[in-house]
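Trainee: I would like to learn how to read pockets, domain interfaces and salt bridges from a model. Please take them one at a time.

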Amino acid sequence: MKTDVLSMTPAELREFAHTLGQPEYRGTQIFEWLYRGAASFAEMTSLPAAFREKLEENAFIPTAAVKRKLVSSVDGTVKYLFELYDGETVESVFMRYKHGNTVCISTQVGCRMGCAFCASTKAGLVRSLAPSEMLLQIMSAERDLGEKVSNVVMMGMGEPLDNYDNSVKFLRLANEKAGLNIGLRHISLSTCGLVEKIDMLAKEDLPITLSLSLHAGDDETRKKIMPVANRYPISEVIAACKRYVDTTGRRISFEYALIEGVNDSEKDAEKVGRLLSGMLCHLNLIPVNPIKEKNFKRSGKNAIKVFTDTVEKYKINVTVRRKLGADINASCGQLRAAEKSN
Ligand code: SAH
């Protein structure tokens, strides 16, 4: 098995160079070449030729090739379908915001969480992504567009905490000064709420923003749309979130997809208000994106207004998410699914 050098930290690369009989600084040089966009060891001309050959035998540089690219004519949002070394594909979305360019990355090919409204999970989990494959979604978009990315959201296909080690490694790599140098405060990780993993993440000393996909104010409703609710009752998820806030001092962002007639009543809003009341958090309401496989409908304007007003009574900071890339199916999972059924 060849070593994936793009999934390695500078310290690991120095150690790797050492095991291949080279001085450690050669590892630093490899790291720098990778982030300058070197696609082969042959290009790394500051390394001795014999060492480059040795690297060729022992290691590889993974790639993510643009298989499809859709550009929104409304707001310039770009959606990519990237092809990985084994022919599997993942989706990423590039968005331009006032606060900077943001990429939404996938952390797995497929997903095994089974949320009823989500297009990424329909065919289950194929495999988890390596840290390099998460980085490559950012690097490939930057290269393709000639623009720098300052913010990342791990909200694409997959459940990042179901690929825990690689997701955490990705966070540390993305933050490397000599690498992408993306501030941890500019990265959000979204989870459906794997309680033990939230507790682990709290102790990693990573000042990222944790997003929690709530989508219901009570267990009965949540179980109908999120199978993970059978494993963790909302009370345990919220308790883990409070521990996370206590440990990290970071505000949590709750995601709530409004689905007409399922979770968007005033009563639902009351329950959400009571759950989140007094917590250092933000509530993000997202009118659900209808997917082909299910006939979930987005809530109407009036229902959204009532929901918003109701949770605000609990002094909760709430926003309705602005939708980018509506004309290109920018929500993750839909492009890959469409490509597969062709
Ligand atoms: N597995 C993680 C991250 C990926 S999903 C998680 O569950 O959070 C990113 C966000 O998009 C989640 O909040 C998810 O619930 C939401 N989402 C998925 N499908 C959606 C849809 N059709 N409409 C609106 N939001 C959706």
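The dialogue below goes through these topics in turn.

Mentor: A note on sources comes before the features. This is a predicted model, in which local features need pLDDT of at least 70 and side-chain atom pairs count only at pLDDT 80 or more, while totals for chains, interfaces and linings use all residues. Residues are numbered from 1 along each chain as its sequence is written, and side-chain values use heavy atoms, with hydrogens and water left out.

Trainee: Which domains does the chain have?

Mentor: The assignment, which is automatic or from a database, gives domain 1 (3-60) and domain 2 (65-341). Their centres, taken over C-alpha atoms, are 34 Å apart.

Trainee: How is the interface between domain 1 and domain 2 described, and what area is buried there?

Mentor: The size of an interface is often given as the accessible area lost when the parts come together. Here the loss is computed with a 1.4 Å probe and summed over both parts. Domain 1 and domain 2 bury about 970 Å² between them, with 68% of that area from carbon and sulfur atoms. Of the area that domain 1 buries against domain 2, 52% comes from Leu-6, Ser-7 and Tyr-35, more than from any other three residues. In terms of contact (heavy atoms within 4.5 Å), eleven residues of domain 1 meet 13 residues of domain 2.

Trainee: How many salt bridges are there between domain 1 and domain 2?

Mentor: A salt bridge is a side-chain nitrogen of Lys or Arg within 4 Å of a carboxyl oxygen of Asp or Glu. The count between the two domains is one. The whole structure has 15 salt bridges, including Arg-112 with Asp-162 at 2.7 Å, N to O. Arg-112 is in the loop between β7 (108-110) and β8 (125-128) and Asp-162 in the loop between β9 (151-154) and α5 (164-174), so this pair ties together parts 50 residues apart in sequence. Helices (H or I, at least four residues) and strands (E, at least two) are DSSP runs, numbered from the N terminus.

Trainee: What lines the second largest pocket?

Mentor: Rolling a probe the size of a water molecule over the atoms shows where empty space is left. A pocket is an open set of 1 Å grid points fitting a 1.4 Å probe, with protein on both sides within 12 Å along at least five of seven lines; lining residues have an atom within 4 Å of a point. Here 14 residues line the pocket, among them Ala-39 and Arg-143.

Methods. Buried area = accessible area lost by both parts, 1.4 Å probe.
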